[in-house]
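Please consult the sequence and the structure shown here before reading on.

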Amino acid sequence: MVTILTDGETIEVPAGRVEGDRLWLSEAELENATGWSTKKEGLCRGDVCVPIPPGRERDFVRDGQVDVAAAWRHLGKPVVHSQDASVWVLGEAAAERASALQSLEAPNFTLPDRSGRMHSLSSYRGKKVMLVSWASW
Amino acid sequence: MWQTLYEELRDRNFTLIAVALDSRDGDALPWIEAANPTYPCLIDREHRVADLYGMVNVPEAVWIDERGRVVRPAEPAGAYEGFRRMDRVKREMPVDAARITAEAKATYVNAVRDWVLNGMASEHVFDAERARAHVRVPTDDVARAHVAFRLGQELIRRGQTEEGDRWLRDASQLHPDSWCMWRQRAGVNELGLASQPDFWARVDALGARKYYAPVDMKGMPQ
């Protein structure tokens, strides 16, 4: 069992196969976990495709499985995993965060309150919102 | 801290959302119970909001208008450096530092009120160009810090404390401007505040640099 933390989600992949810094997933698991898939154009999500350099296909796709860690690094996004490789974090690149911030569209998030009830920023659309951080420390 | 302001303005198509950047299970709960706020108080163990909005400290706030547009990016919310001149034994602030701290808070609260009542006509609302200029653009190291931090928090949650702590340390080193990351990792003293000698050493090492980022707001003490 491998746990993958993506941007805002936690996904358990029962059949994830670890090989050093590689994490092999089936095409379906890759798409379910990340929204990315492999096509003849390369790595694709929605309208965006990032080509895989010719001759390096087997670094990414082998026996019907995709190395999501290699794919992630190829996309320029940060990826880390625990020593025992049971937990992987697939992050977003600085450039993506930067362009989201520069768009001035408030990114949505969903978080629990103290009673465990979930709140999404988007459900407050139509009101002015002051979003403020605090901490007990 | 914000309850009075929220109660005053909640019928003006306004809400306040507090996000606790706390990770240890239950840390934030007693504080929320004590304040008994009527606005949403959310728990963000992975510091996701800090990641999405570029927050590096508390309290920092973002103003979002009715259409979901950011009209003031992340910035300190009525905080002031006064605590740096505190008597660290008696835990008392000099009178003038306490006065300026109160002034910063009042200036900020008045600005929020002005925005809520006057909308885009408020002088405290940034136009798009000015808002973009105030965005904190993350570096590659900051993006790497956030994945390291998430991994560390997840490992600590699973009881793999030693390795988790190493990831939090890495995160803090990759993103030294983030007091949130540093303080989350720092031990807590008997008051429940991360104000042990390490904290003061790190504050003192700032020298002439600010603990709270400067705020571009008319009347705000700098």
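This is a predicted model: local features need pLDDT of at least 70, side-chain atom pairs count only at pLDDT 80 or more; totals for chains, interfaces and linings use all residues.

Residues are numbered from 1 along each chain as its sequence is written, and chains are lettered from A and ligands numbered from 1 in the order in which they are written. Helices (H or I, at least four residues) and strands (E, at least two) are DSSP runs, numbered from the N terminus.

**Contact between chains A and B**

- Chain A contributes 40 residues to the contact and chain B contributes 68 residues; two residues are in contact if their C-beta atoms, placed from the backbone, lie within 7 Å.
- On the side of chain A that touches chain B, the elements giving two or more residues are strand S11 (87-90), helix H4 (94-103), strand S12 (110-112) and strand S14 (128-134) of chain A.
- S14(A) provides the largest share of that side, seven residues.
- By class, the side of chain A that touches chain B has 23 nonpolar, nine polar and eight charged residues. Here Ala, Val, Leu, Ile, Met, Phe, Trp, Tyr, Cys and Pro count as nonpolar, Asp, Glu, Lys and Arg as charged, and the others, Gly among them, as polar.
- S14(A) and strand S3 (residues 60-64) of chain B run antiparallel and are joined by four bridges; two strands pair if DSSP finds at least two bridges between them.
- Within this pairing, A:Leu131 stands opposite B:Val62 in S3(B).

**The largest nonpolar core**

- A nonpolar core is a set of buried Ala, Val, Leu, Ile, Met, Phe, Trp, Tyr and Cys residues joined through C-beta atoms within 7 Å. A residue is buried if 20 or more other C-beta atoms lie within 10 Å of its own, exposed if 12 or fewer, and partly exposed in between, with C-beta atoms placed from the backbone.
- The largest nonpolar core has 87 residues, of which A:Leu131, A:Val132, B:Ala18, B:Val19, B:Ala20 and B:Ala148 touch the most other members.
- Helix H6 (residues 140-157) of chain B gives the most to this core, with nine residues.
- Apart from its neighbours within four places in sequence, B:Val19 is in contact with A:Leu111, A:Leu131, A:Ser133, B:Leu42, B:Asp44 and B:Val49.

- In helix H1 (residues 27-34) of chain A, the buried residues are A:Glu29, A:Leu30, A:Ala33 and A:Thr34.
- These residues cover an arc of only 100° around the axis, which puts them on the same side of H1(A); the arc is that of the directions from the helix axis to the C-beta atoms.
- Strand S5 (residues 37-39) and strand S6 (residues 42-45) of chain A run antiparallel and are joined by three bridges. S5(A) and S6(A) form a hairpin with two residues between them, and A:Ser37 has A:Cys44 as its bridge partner in S6(A).
- Three bridges also join S6(A) to strand S7 (residues 48-50) of chain A, again antiparallel. This hairpin has two residues between its strands, and A:Gly46 in the turn has a positive phi of about 60°.

**Chain B as a whole**

- Chain B has nine helices and four strands.
- The radius of gyration of chain B is 18 Å, close to the 17 Å that the globule rule gives for 222 residues, so chain B is as compact as a globular protein of that length. The radius is taken over C-alpha atoms, and the globule rule is 2.2 Å times the number of residues to the power 0.38.
- Of the 222 residues of chain B, 40% count as buried.

**Individual residues**

- B:Tyr80 lies in the loop between strand S4 (70-76) and helix H4 (95-118) of chain B, and counts as buried with 25 C-beta neighbours inside 10 Å.
- B:His47 has a positive phi of about 55° although it is not a glycine, and B:His47 counts as buried, with 25 C-beta neighbours inside 10 Å.
- A:Asp63 also has a positive phi, of about 50°, without being a glycine; A:Asp63 is exposed, with 6 other C-beta atoms within 10 Å.
- The peptide bond from B:Val58 to B:Pro59 is cis, with omega near -10°.
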